[in-house]
Amino acid sequence: MKEKSENLKLFKNKKDRKPAGRRGKKFRSMFVLMFLGMTLLTVVPIVGIQLFYSSYLISNARQNRVQVLKDYGDNIAGELVNSGYLDGQISELLDTELQDFSGLYNGRAIVVNSAYEVRFDTYGVLTGHYLVTEDSVTAMTGEDKTHYYSSADKLAFTYTIRDDEGNVCGMILFYVSCADLTVTYKSINHTMMGIIVAIACILTLISYFTARKFTKPLQTMASSFNRIAEGHFDEKVELSGFTEMEQLSSAFNVMVEQLKALEDSRQEFVSNVSHELKTPLTSMKVLADSLNSQENVPVEIYQDFMHDIGSEIDRENKIINDLLSLVRMNKTESEPNITHCSINTLLENILKRVRPIADRKNVETVLESYKQVEADCDELKLTLAVTNIVENAIKYNIAGGWVQVTLDADDEYYYINIADSGIGIPEESQDKVFDRFYRVDKARSRETGGTGLGLSISKTIVEMHHGQIKVKSKVDEGTTFSIRIPLVYTSEAKE
Ligand code: ADP
């Protein structure tokens with residue numbers, strides 16, 4: 001028993017723990033709300049108007065009937081006074097007239113004189129009796145009174161009779177049936193109800209389809225998002241009907257295309273990384289295997305192979321380091337460490353550092369500064385970016401060639417050009433040299449220790465400074481890399 005109550009508690013708690021957002025999900029559905037909202041806003045007023053109009057119709061009809069009784073009273077009052085009917089004079093003509101009139105409305109007319117004596121009752125019941133009621137007393141004061149008895153569907157109207165001087169000298173009490181009015185009203189009401197139901201059905205259908213038209217594109221978009229989340233980057237949506245929907249679908253398709261490009265480049269990057277990292281490992285494996293498979297290998301060969309293995313380890317290390325710097329810089333949250341620095345000094349230091357390599361290759365390096373340039377920059381990163389390009393200019397140069405670095409500035413930007421007299425880059429490769437792992441000549445790049453990541457790192461750094469980098473080259477003539485960076489760094493990117 002105790003166990004049962006514990007379970008009950010558990011279930012109760014579980015229900016209580018239901019996330020608030022999921023409760024009443026149906027009533028947060030845009031479709032349901034739009035559909036119900038539009039239906040209520042259109043159907044309710046129409047039904048309301050119909051109800052108001054029908055009650056107005058019937059009360060108006062009763063009002064008209066009262067007016068008929070009043071008119072009749074006006075017509076007959078003179079005769080009743082002048083003929084002395086109220087004072088006791090017998091008039092069969094008037095009796096018949098009253099009988100006929102009340103018969104018309106399936107009703108009753110009672111003529112009472114100022115002494116409250118009933119002079120004539122079309123039902124014959126009260127003739128000769130006295131009729132002192134609240135209504136008759138009120139009527140004698142000169143006030144007409146109307147009552148509607150809904151249970152009997154009858155109207156009671158007291159008409160005050162006055163003589164030529166306006167003195168009250170009697171009254172006529174009419175009881176008339178309204179059944180004929182009710183029948184007509186009911187039939188009109190039925191027809192109207194039929195029309196209203198038809199209109200309400202049409203409006204409900206219109207509300208349903210309108211709500212569907214508005215919410216269907218959102219559902220289509222939601223299922224497209226789900227498909228993309230599952231990795232279907234070929235997803236496309238075509239929403240038509242409204243300009244906004246068309247704009248939404250084309251923006252969505254652009255976004256999907258960009259996601260696809262991103263995903264393609266991610267996959268390509270992953271496969272390139274695996275390939276690049278595997279290459280030195282394969283070489284090391286081959287070298288180690290060939291040593292292991294031989295007996296009594298001379299120590300010089302060992303040393304030679306171990307030297308090669310060492311170079312492969314260095315290469316692997318360089319690839320990993322380059323990859324790490326690239327990944328770190330590509331992180332969206334990574335902000336450059338900006339300081340105010342002298343670009344002239346920065347370039348002088350770079351050239352000083354690369355001079356031994358240049359000398360080894362017999363390449364002359366020149367720095368030409370047109371002015372002193374002080375600018376905001378991340379010194380370490382910019383040094384890395386320019387060093388990569390200058391080292392390339394030496395690496396891909398000819399013996400006895402030259403590398404010229406120039407620095408200039410205007411009011412807004414500073415410009416660094418790195419020109420060389422090297423082997424040049426073929427036209428079709430010029431767009432791709434900034435891509436990760438792209439190398440024009442894989443064998444040569446490998447020989448010179450390249451990873452194919454240098455220019456990609458340089459471009460990322462320049463863009464991090466909100467600058468631009470371009471390349472111009474001619475095979476066998478040389479290459480020029482041009483960098484343009486704003487003198488003042490602002491966290492908002494410029495064009
Ligand atoms: P790597 O490490 O191979 O040098 P980079 O990204 O620095 O990689 O350069 C990409 C490729 O662009 C190089 O492999 C090379 O083919 C070409 N390249 C870069 N700079 C020059 C240059 N100054 N002259 C000729 N080719 C160049």
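Select Tyr 56 first: its place is in helix 2. Keep in mind that this is a predicted model. Colour Tyr 56 by accessibility. Its relative accessible area is 43%, so it is partly exposed, because that label covers values between 20% and 50%.

Together with Tyr 56, they make a nonpolar surface patch of about 470 Å².

Next stop: Thr 39. Helix 2 spans residues 30-82, and Thr 39 is in it. Is Thr 39 buried or exposed? Thr 39 has 14% relative accessibility, so it counts as buried. The cut-off for buried is under 20%. Show what surrounds the side chain. Leaving out residues up to four places away in sequence, Thr 39 touches Val 44, Thr 204 and Ser 207.

Now jump to Glu 428. Look for it in the loop between strand 10 and helix 10. Glu 428 has a relative accessible area of 56%, so it is exposed. Pick the C-alpha atoms of Glu 428 and Ile 206: they are 59 Å apart in space. In sequence, Glu 428 and Ile 206 are 222 residues apart.

Stay in the loop and select Asp 435. The loop runs between strand 10 (413-420) and helix 10 (442-447). Asp 435 has 40% relative accessibility and so counts as partly exposed.

Which residues form the negative surface patch with Glu 428 and Asp 435? Select Glu 268, Glu 427 and Asp 431 as well, and the patch is complete.

Notes:
Residues numbered from 1 in each chain as written. Predicted model: local features only at pLDDT ≥ 70, side-chain atom pairs only at ≥ 80, totals over all residues. Heavy atoms only, no water. Patch = residues over 30% accessible without salt bridge, like charges linked within 9 Å, V, L, I, M, F, W, Y side chains within 5 Å. Areas by Shrake-Rupley, 256 points an atom, 1.4 Å probe, with all protein chains shown as cover. Salt bridge = Lys/Arg side-chain N within 4 Å of Asp/Glu carboxyl O. Lys, Arg positive; Asp, Glu negative; His and termini not counted. Charge placed at Lys NZ, Arg CZ, Asp CG, Glu CD. Helix = DSSP H or I, 4+ residues; strand = E, 2+ residues; numbered from the N terminus. Buried < 20%, exposed > 50% of the residue type's maximum accessible area, 1.4 Å probe, protein only. Contact = heavy atoms within 4.5 Å.
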